[in-house]
Amino acid sequence: MSAELIEHLDAPGHAGRRRPKLSVVQTPTATVSTLGFVGIILGLITLGLGAVMVVSTSVGAQSREVTALRREATELGYETAALTSQLQRLSSASALAMRATELGMVPNPYPAFINLGDSSVTGDPTPVTGKEMPFLRGSSSAAEESVPVTTTTTTTDGEAEEADTGDASVADETSEESLITSAADDATQEDQ
C-alpha cells in the first residue's frame, strides 16, 4: 500500500498559493413563516371538517330515505296480505256459488261433458228447472221447504234421548251458516 504525501500549503514550494478564508455560514431562513404554517394547518382542518359535514349530511339523508322505503315496504306487505286474503275469500267456492245465484244461474245435478277430441258426450244432458237443489242456491223456495230435525241428547244415566224439535227450515240452517261465515270474515279482517 502506498500513501500519497500530504503537502502542506505552508511549505516553501507553495508560496504562490493562498489558503482560502474560512467563514461561518449562516443557517438558512425558513421559506414559510410560522404564521403561514398555522394558516395552512387551519385551512386543512377547515377542509376536513367541511368534508366530514358533507358526508354526515349525505349519510343522514340516505338514512331517512331508507327508513321511508322500509316503512313503505311494510305497508305494501300489509296491503298485499289484505288483497290476497280478499282474493281468496272472493274466489272460494261458496262466494262463487253466491255470485252465480245472484246472476240467475242454478246448479245442475245432471252434468254432461263434451269431449272435444272425438265430439262425444259423456253423461245425460238434462235441462234443469232450478228447483232441483234449492239448498245449494239459498233461494226462497228453500225456505218454504221444511225438514224435520231431531236432536240426540245424552242423559246422566248414559241413555240417548231423541227429541223432535219440529220442522226447521233449510233457510234457517243456511242463515246460521252465513252468520258463522260472516263472523269468521269479520274476525279475519280485524286480524289484518
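Where is the place of Ser-119? I found Ser-119 in the loop between strand S1 (113–115) and strand S2 (120–122); strands here are DSSP runs of E, at least two residues, and helices are runs of H or I, at least four residues, both numbered from the N terminus.

Ground rules first. I am working from a predicted model, where local features need pLDDT of at least 70, side-chain atom pairs count only at pLDDT 80 or more, and totals for chains, interfaces and linings use all residues. Residues are numbered from 1 along each chain as its sequence is written, and side-chain values use heavy atoms, with hydrogens and water left out.

**Ser-119.** I looked up its backbone: phi of Ser-119 is near 60°, a positive value in a residue other than glycine. Most residues other than glycine have a negative phi. Ser-119 also counts as exposed, because its relative accessibility is 59% (buried is under 20% relative accessible area, exposed over 50%, partly exposed in between; 1.4 Å probe, protein chains only).

**Overall.** I noted 5 helices and 4 strands, in the order α-α-β-β-α-α-β-β-α. Of the 192 residues, 5% are buried.

**Confidence.** I got an average pLDDT of 74, with 60% of the residues at 70 or above; pLDDT is the predictor's confidence in each residue, from 0 to 100. Confidence is highest in H1, at 95, and lowest in helix H4 (residues 140–144), at a mean of 42. I marked residues 139–151 as staying under 50, though the model has 32 contacts for them beyond four places in sequence (contact means heavy atoms within 4.5 Å). Residues 163–176 also stay under 50, with 26 such contacts.

Leu-44 is found in helix H1 (residues 34–90), and I call Leu-44 exposed because its relative accessible area is 54%. Leu-44 is one of the residues in a nonpolar surface patch, along with others including Phe-37 and Leu-49, and the patch has about 900 Å² of accessible area together.

**Met-133.** I placed Met-133 in the loop between S2 and helix H3 (134–137). Met-133 touches Pro-107 and Pro-109, not counting residues up to four places away in sequence. Met-133 and Val-106 are 27 residues apart in sequence, yet their C-alpha atoms are 8.3 Å apart in space.

Technical notes. Patches are made of residues with over 30% relative accessible area and no salt bridge: like charges are joined within 9 Å, nonpolar side chains (Val, Leu, Ile, Met, Phe, Trp, Tyr) within 5 Å. Accessible areas come from the Shrake-Rupley method with a 1.4 Å probe; for residues, only the protein chains shown count as cover. A salt bridge is a side-chain nitrogen of Lys or Arg within 4 Å of a carboxyl oxygen of Asp or Glu.
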